[in-house]
Amino acid sequence: MCELLGMSANVPTDICFSFSGLLERGGNTGPHKDGWGITFYEGKGCRTFKDPEPSCQSEIAKLVKAYPIKSISVISHIRQGNRGRVCLENTHPFTRELWGREITYAHNGQLSNYHDLKPDYYRPVGNTDSELAFCWLLDKIREKYPKRPSNMASVFRYAAKLAHTLREKGVFNMLLTDGVYVLAYCTNNLHWITRRAPFGKATLIDADMVVDFQKETTPNDVVTVIATRPLTNDERWQKMEPGEFALFKMGEKI
């Protein structure tokens, strides 16, 4: 299995602290050594860093960890490959254009009997079940909404409905974002936490690192972090139930 990391915030925020914990699970404290990736949204654009090397020893990961890119929406992934070989094109997150907007997705799990997923418009570049499911999901959204709707929340609720179908084919934990909304869908293992004033300290489980968020934030900041497993040992994370989804915008669950 793989692990996911996402963030939704009401102000541009860096994810260095959480990302530092996730990286250790990519071959050090965890077995997810088959590549990693992260996508940051900045305005209408996004920048993505990927590497098929283990995240715990990746020079690119060290660069991202040391470079505090600020964003309101982030999706990251560390891979333990089970479908498709270990290579750059099979490394998450995956991004496609829809209505002139970059849509980013990452999947944790494994699907079976998925070859009946036959997207028409979007085509996979690699050969993973994850990317095929993403292309199928976007095809269905594009079919239902030929033009960008005024209510984007309805699009993500429809995406969650489609995720129910994919969940019938196996384990399907997913993060999906357009840079404004962040959708988290759970099959078996996904957690989230919203940090807001009064802020306190947090300690990573996988790295010797403590941060005092009160010194790093303003009283108006709201930041939600989503992860496969909790990243800190002194905060209360919300565990999602099988088949549950959560939609976040500007750090708030809506």
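**Spaces and a helix pair**

Leu98, Trp99, Ile103, Leu138, Ile141, Met152, Val155, Phe156 and Leu176 line the second largest cavity. On a 1 Å grid over the protein atoms alone, a cavity is a set of points where a 1.4 Å probe fits but cannot get out, and lining residues have an atom within 4 Å of a point. This is a predicted model, in which local features need pLDDT of at least 70, side-chain atom pairs count only at pLDDT 80 or more, and totals for chains, interfaces and linings use all residues. Residues are numbered from 1 along each chain as its sequence is written, and side-chain values use heavy atoms, with hydrogens and water left out.

The second largest cavity holds about 40 Å³ of space, a volume being the space filled by probe spheres set on the grid points, which are joined across faces, edges and corners. Its lining has nine nonpolar residues, no polar and no charged ones. Here Ala, Val, Leu, Ile, Met, Phe, Trp, Tyr, Cys and Pro count as nonpolar, Asp, Glu, Lys and Arg as charged, and the others, Gly among them, as polar. Helix 4 gives the most to this lining, with three residues.

Helix 3 (residues 129-144) and helix 4 (residues 152-167) also pack against each other, at an angle of about 135 degrees and with their axes 10 Å apart. Helices (H or I, at least four residues) and strands (E, at least two) are DSSP runs, numbered from the N terminus. Axes are lines fitted to C-alpha atoms, for helices over the stretch in contact, and angles run from 0 to 180 degrees between N-to-C directions. In helix 3, Ala133, Trp136, Leu137, Lys140, Ile141 and Lys144 meet Val155, Tyr158, Ala159, Leu162, Thr165 and Leu166 of helix 4, where contact means heavy atoms within 4.5 Å. These contact residues divide into nine nonpolar, one polar and two charged.

The largest cavity contains about 60 Å³ of space. Among its 13 lining residues, Cys2, Arg79, Asn82, His92 and Ser130 lie nearest its centre. Strand 6 (101-108) and helix 3 each supply at least two residues of the lining, which divides into one nonpolar, nine polar and three charged residues.

The largest pocket has a volume of about 360 Å³; a pocket is an open set of points with protein on both sides within 12 Å along at least five of seven lines. Of its 19 lining residues, Thr13, Asp14, Phe213, Glu216 and Thr217 are the closest to its centre. Strand 1 gives the most to this lining, with four residues.
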